[in-house]
Amino acid sequence: MERNDSIKAIKGVGDKACEMYAKLDIYTVEDLLNHFPRDYDHIKPIRPIYELKEGDIAAVEGRLVARPKVKKAGRLNLLTIQLEDGGPKTIDITWFNMPFLKNTLHMGTSYIFRGQVKVFRERLVMEQPKIYTKTEFYNISGKLKPIYGLTKGLTNNAVTKAVGLALDGIETPKEYLPAEIRKKYDLSGYASSLKGIHFPKDRQTLIESRKRLVFDELLLYLLSLKLIKSGAKPESRYVISPHPDVEKWLAGLPFELTKAQKKAYDDIVSDMETPFVMSRLLQGDVGSGKTVVALAALLQVVKNGYQGAVMVPTEVLARQHFKNFTDLTEDLNIVLLTGSMTAKQKKEAKEQISSGECDIVVGTQAVLQDDVSFARLALVVTDEQHRFGVRQRETFAGKGEKPHILAMSATPIPRTLALILYGDMDLSVIDEKPANRLPVKNALVNTQYRPNAYKFIEKRVADGEQVYIICPMIDESEESELENVTIYSEKLRSSLPEGIRIDSLTGKMSAKEKDEIMEKFSAGQTDILVSTTVIEVGIDVANATTIIIENAERFGLATLHQLRGRVGRGDKQSYCIFMMGTESKKAKERLQILERSNDGFLVSQEDLKLRGQGDLFGTIQSGEKIFLLADIYEDSKILSQASEVAKSIDETELRIMLDKHPRLREKMRYYMGEITL
């Protein structure tokens with residue numbers, strides 16, 4: 001079996017399975033091996049009921065105290081049993097919409113259940129647990145079970161089996177890192193790391209395997225940047241002279257730019273005035289006003305007779321920018337281009353872009369398509385830069401003849417890391433927020449506070465305000481006991497008054513469905529939106545004043561800060577409730593950073609102080625990412641080490657290395673495309 005073979009080369013993977021894998025962008029054996037587990041389930045031994053605490057994920061063994069009971073709870077069928085194990089306490093176990101279990105659970109029979117423990121009205125409760133036979137449980141007890149990202153029809157067991165067969169069937173990959181580098185940075189071998197990331201025998205194996213693969217990702221990314229920067233700074237066809245009309249426009253805005261905004265804008269204007277291509281990263285916290293600075297830069301380009309373009313990661317964000325740009329400007333032809341537009345709408349937009357009739361285009365990755373051509377593109381802006389790889393940025397810039405490049409990011413990366421990660425760009429930072437914004441009030445609570453939280457959001461809705469509730473998981477099929485959108489929405493409907501309008505949103509929905517739901521929320525037609533982290537970027541509703549984040553300990557601080565940024569967008573007081581599903585002191589200490597401060601840069605610095613390899617488990621960084629495994633917060637030390645190695649390899653050595661190891665060439669194309677390689 002070769003790494004580039006179709007996954008059909010794996011025993012048991014047929015045409016139907018191939019279609020499902022394709023939804024995860026898995027087509028080859030290599031793709032499957034790079035589909036790393038998103039989490040691991042550490043199966044611990046059975047525990048006595050009396051030892052359990054809220055937030056524990058545990059296995060219990062016992063007998064039913066009474067026959068199972070089924071009752072209605074709103075639109076849910078609720079099946080409940082009570083379990084005893086001979087100790088002083090019992091535990092209530094419940095399932096939603098699984099009434100058939102009533103006929104399979106019998107008094108007097110011993111059962112093993114495993115799930116997350118909660119406390120409700122001072123009683124221990126376990127919701128939606130998995131049921132095991134003794135043989136099944138003892139076969140997995142003590143192991144780290146990989147949990148993969150899935151799609152409908154594809155089970156975790158099927159992916160696990162396919163990965164195991166692929167690892168056994170391929171030729172052992174050759175090592176490319178010299179022994180002295182592996183020794184200096186304490187890196188395990190590539191082949192053992194690939195196996196260890198999928199099937200770690202213990203926690204230490206997982207830590208060592210992940211470290212090596214993260215090092216590879218970061219090193220190849222930095223080497224890609226090195227090749228891009230190896231040429232002289234390109235000259236630009238577009239020397240942009242400061243235009244007085246833009247200064248008049250800035251003076252006429254209903255608000256005044258902050259000092260940091262003015263400084264960033266001056267940096268951009270100065271760059272575009274030189275005969276060289278600008279390549280600048282505009283970094284600013286959520287709500288700091290990056291967009292208006294970018295719009296001012298675009299206006300400078302338009303007033304000089306050229307075109308500008310903005311690329312964003314989501315359709316909702318594209319529509320939002322389009323509306324904001326249109327509202328803030330007059331007499332400009334601003335065109336929207338997204339994937340969900342009709343063929344007729346796309347054709348009209350593309351004709352206006354290629355003819356030069358369009359001044360500014362705002363779009364998603366649809367602007368990268370081959371049939372999108374510009375008449376005189378002088379400035380490209382990528383918003384949420386961390387969502388796009390080097391390759392996409394280069395492709396976007398390639399739409400013009402050496403246009404100026406402005407990238408924007410709301411991810412509060414410390415300056416030292418930003419200089420490494422975006423080493424091919426100059427850096428401007430907006431480190432203050434508009435004066436009229438009230439700081440968000442934060443609360444860190446456990447699940448016992450949930451009834452009070454529901455009363456609080458009920459009052460917010462009664463006052464005409466809107467609410468977000470964020471859950472980590474989408475549905476039960478992901479084999480997780482965490483709060484999830486599907487069940488949560490139903491429970492919420494049964495807990496709140498009927499008149500409250502509740503909608504739900506997940507990343508699995510089509511772009512059209514997401515747009516419709518977000519637009520309803522934006523228009524005030526929904527009171528509460530229960531969502532996954534799909535709302536992290538791209539929805540700006542000034543009337544949304546409260547966000548509750550369930551299982552907050554499961555998210556990385558960068559993601560939590562981005563989610564918190566969805567509220568506090570207007571002039572009303574806003575609130576963020578971080579709901580912890582665990583009593584872990586370490587998790588609480590980490591989340592208290594967010595409770596104390598709304599400053600993303602301060603949060604990122606404090607986060608780095610607390611993090612280490614011990615934090616590999618259980619923090620989710622959401623959204624499309626440049627890297628498959630690496631996280632610049634978790635892996636800041638590895639990033640610095642990879643940077644040292646990248647600097648030590650000259651271009652000649654790099655090209656020899658790529659010739660000897662074609663696998664590396666393929667991986668670098670992920671970042672760079674075909675041109676430079």
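Both Y468 and F521 are buried; buried means under 20% relative accessible area, exposed over 50%, and partly exposed in between (1.4 Å probe, protein chains only). This is a predicted model, in which local features need pLDDT of at least 70, side-chain atom pairs count only at pLDDT 80 or more, and totals for chains, interfaces and linings use all residues. Residues are numbered from 1 along each chain as its sequence is written, and side-chain values use heavy atoms, with hydrogens and water left out.

**Aromatic pairs**

Rings of Phe, Tyr and Trp (its six-membered ring) pair if their centres lie within 6.5 Å; planes under 30 degrees apart count as stacked, over 60 as edge-to-face and the rest as tilted. By this rule there are nine aromatic pairs. In one of them, the ring centres of Y238 and Y306 are 4.9 Å apart and the planes stand at 70 degrees, so the pair is edge-to-face. Y238 lies in the loop between α7 and α8 (244–251), and Y306 in the loop between α10 (290–303) and β11 (307–311), so the pair ties together parts 68 residues apart in sequence. Helices (H or I, at least four residues) and strands (E, at least two) are DSSP runs, numbered from the N terminus. Y238 is buried, at 3% relative accessibility. Y306 is partly exposed, at 23%.

Y468 and F521 form a tilted aromatic pair, with 4.9 Å between centres and 45 degrees between planes. Y468 sits in strand β18 (residues 466–470) and F521 in helix α17, so this pair ties together parts 53 residues apart in sequence. Elsewhere, ring pairs link W95, Y111 and F113 into a cluster.

A charge also meets a ring. The charged end of R460 sits over the ring of F456, 4.9 Å from its centre. The rule here asks for NZ of Lys or CZ of Arg within 6 Å of the ring centre and within 35 degrees of the ring normal.

**Salt bridges**

The structure holds 31 salt bridges. Each is a side-chain nitrogen of Lys or Arg within 4 Å of a carboxyl oxygen of Asp or Glu. Three of them are set out below.

| Pair | N to O distance | Burial |
|---|---|---|
| D92 and R123 | 2.9 Å | D92 buried, 15%; R123 partly exposed, 31% |
| D216 and R212 | 2.9 Å | D216 buried; R212 buried |
| D527 and R501 | 3.0 Å | D527 buried, 10%; R501 partly exposed, 39% |

The salt bridge of D92 and R123 links distant parts of the chain: D92 is in strand β5 (residues 90–96) and R123 in strand β7 (residues 123–127), 31 residues apart. D216 and R212 both lie in helix α7 (residues 203–229), four residues apart, about one turn of the helix. D527 and R501 again link distant parts of the chain, 26 residues apart. D527 is in the loop between α17 (511–522) and β20 (528–531). R501 is in the loop between α16 (485–495) and β19 (502–505). Salt bridges that share partners also join K263, D267, D271 and R280 into one network.

**Cysteines**

A disulfide is a pair of cysteine sulfur atoms within 2.5 Å. By this rule the count is zero. C471 is in no disulfide, and the nearest cysteine sulfur, that of C576, is 14 Å away. C471 is buried, with a relative accessible area of 0%. C18 counts as buried too, at 16% relative accessibility.
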